[in-house]
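Hi everyone, thanks for coming. Could you bring up the sequence and the 3D view on your screens before I start?

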Amino acid sequence: MSKVLIVGAGGVGKVVVHKCAQVPEVFSEIVLASRTLARCEAIQREVLELVGRRIEVRQLDADDVSQTIQLLDELSPDLLLNVALPYQDLALMDACLARRVDYLDTANYEPPDVAKFEYSWQWAYHERFKEAGIMGLLGSGFDPGVTNVFCAYARDHLFDEIDTVDILDCNGGDHGHPFATNFNPEINIREITQNGRYWEEGEWKEIPPLSVHQDFDFPGVGVRRAYVLYHEELESLVKHLPGLKRIRFFMTFGEQYITHLKVLENVGLTRIDPIEFQGQQIVPIQFLKALLPDPASLAENYTGKTSIGCLIEGRKDGKPKRVFIYNICDHAECYREVRSQAVSYTTGVPAMVGAKMMLTKKWRGEGVFNLEQLDSLPFLEALAAHGLPWHVEER
Ligand SMILES: NC(=O)c1ccc[n+]([C@@H]2O[C@H](COP(=O)([O-])OP(=O)(O)OC[C@H]3O[C@@H](n4cnc5c(N)ncnc54)[C@H](OP(=O)(O)O)[C@@H]3O)[C@@H](O)[C@H]2O)c1
């Protein structure tokens, strides 16, 4: 029995609330707080209708540490689950430290004015979280999140030595729009338009955006072209997979998506620096976000599947071994269950599962942790039980 404060009423937040509401024996009290109260109230109505539980809602500006501290004082939750934007991570961690509340998120901190993400800012909280006797779980979505746990499972149960990991993320779905992003457009476009980066033989290699690709046969989807991107789980997995020689992250994009993105970039609409427009300062990418479909609105007519996994090569008992550990998730089935599309669903379910691991004390520690530092088995068991079955295929 525990109380969870969920911050962020967007596409992922909605799934997290639904999934927590489905597990009343762990999440006995649920409060959803976000910048726009009306969004919280819409989720509140939907969860009452579909799950039959009434959650509490609050308005919160999570950039303001004192507001979050006030809310923690009012509610005394056991855990703060952050599914707002990466910009809010540090402010929410500060509030958790001040009131000794456990913390979980799904994406690492990004400063709003630089398109750069790395764990250094959040890892710097380790000693302070330890001293306060609280736990922070970083990146408990699908990628990062489940992909880290797949690697931990391979390291601890399938291999003696791991040489290479390719994380492969495919959205084989169709939402019917010429161009839309599947999660927050600003965060998504910042991620895709920066240089690609991967790690090989002890060093980071940087490449121009979308310049390296491979065609991969994704289970449940078929062959798709996937491009190397930098993704945050690479940074922590390099530390926690001993003997690793190379790790890369690939994501699929269709030609139509890439063409749109190039045009938007060429005309300056993906810029993150402010420009003067009719006497006001505007940030082009924020203006673009206002024009693009809200990712949550894509759910109703979305068809097809996501297929995401880790292709891992190494040795077991002296013999070479190659496995693909993956999950397939169907957009329409997600809509039927929680009125969301599969990209939000595959992030929201592991966020709930990570929270469940912490609240039931299956995962416990003082300080901040990435998922591969914890026991993979209880997490993977719960993941399958709560809607994301996973498979291991020898290739
Ligand atoms: N690990 C993974 O696999 C994975 C995959 C996808 C997404 N993610 C992460 O999941 C998070 C949520 O993504 P999403 O697609 O759900 O985004 P979203 O739909 O844009 O939702 C973000 C929510 O946060 C709220 N918010 C923004 N700033 C806030 C503030 N200062 N105070 C309080 N609330 C604030 C927004 O409020 P408004 O409604 O007022 O705008 C919105 O409701 C992001 O951090 C994203 O990077 C992780």
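I'll go through the sheet, then some helices, then a few loop residues.

First, some ground rules. This is a predicted model, so local features need pLDDT of at least 70, side-chain atom pairs count only at pLDDT 80 or more, and totals for chains, interfaces and linings use all residues. Residues are numbered from 1 along each chain as its sequence is written. When I say helix or strand, I mean DSSP runs numbered from the N terminus: H or I with at least four residues for helices, E with at least two for strands.

Okay, the sheet. What order do the strands come in? The order is β3-β2-β1-β4-β5-β6-β17, an open sheet of 7 strands with parallel pairing. Two strands count as paired if DSSP finds at least two bridges between them. At the edges you'll find β3 (56–59) and β17 (367–370), each pairing on one side only. Ignoring direction, neighbouring strands here are turned by 20° against each other on average. As a reminder, strands of a sheet pair through backbone hydrogen bonds, either parallel or antiparallel.

Let's zoom in on two of those pairs. Strand β1 (residues 2–7) is joined to β2 by 6 bridges, and the two run parallel. To find your place there, look for L5, which stands opposite V31 in β2. Strand β2 (residues 27–34) has 6 of its 8 residues buried, so it is largely enclosed by the rest of the structure. Buried means that 20 or more other C-beta atoms lie within 10 Å of a residue's own; 12 or fewer makes it exposed, in between is partly exposed, and the C-beta atoms are placed from the backbone. The other pair is β4 (residues 79–82) with β5 (residues 102–105), parallel again, over 4 bridges. In that pair, L79 has D102 of β5 as its bridge partner.

Now the helices. In general, two packed helices are described by the angle between their axes and the distance between the axes. For us, axes are lines fitted to C-alpha atoms, for helices over the stretch in contact, and angles run from 0 to 180 degrees between N-to-C directions.

α13 passes α14 in a right-handed crossing, while a left-handed one has the near helix turned anticlockwise from the far one by less than a right angle, and right-handed is clockwise. From α13 the contact uses V349, P350, V353, K356 and M357, and from α14 it uses P378, F379, A382 and L383. Contact here means C-beta atoms, placed from the backbone, within 7 Å. These contact residues divide into 8 nonpolar, no polar and 1 charged. Nonpolar covers Ala, Val, Leu, Ile, Met, Phe, Trp, Tyr, Cys and Pro; charged covers Asp, Glu, Lys and Arg; the others, Gly among them, are polar.

Then there's α7, packing with α14 at about 130° with axes 9 Å apart. α7 and α14 are therefore oblique too, and α7 passes α14 in a left-handed crossing. The contact is made by V146, V149, A152, Y153 and D156 of α7 with S376, F379, L380 and L383 of α14. Sorted by type, that's 7 nonpolar, 1 polar and 1 charged.

Over to α8 (residues 185–193), where the buried residues are P185, E186, I189, R190, E191 and I192. Their cover includes β11 (222–229), α10 (255–266) and α11 (284–291).

Last, the loops. Which peptide bond is cis? The one from D143 to P144, with omega near 10°. P144 sits in the loop between β6 (135–138) and α7 (146–158).

Next is L210, in the loop between β9 (203–207) and β10 (213–218). Its phi is near 55°, a positive value in a residue other than glycine. L210 has 18 C-beta neighbours inside 10 Å, so it counts as partly exposed.

R339 also has a positive phi, near 60°, and isn't glycine either. You'll find R339 in the loop between α12 (331–338) and α13 (342–359).

That's my tour; happy to take questions.

Terms used:
Two residues are in contact if their C-beta atoms, placed from the backbone, lie within 7 Å. Angles under 35 degrees count as roughly parallel, over 145 as roughly antiparallel, 65 to 115 as roughly perpendicular and the rest as oblique.
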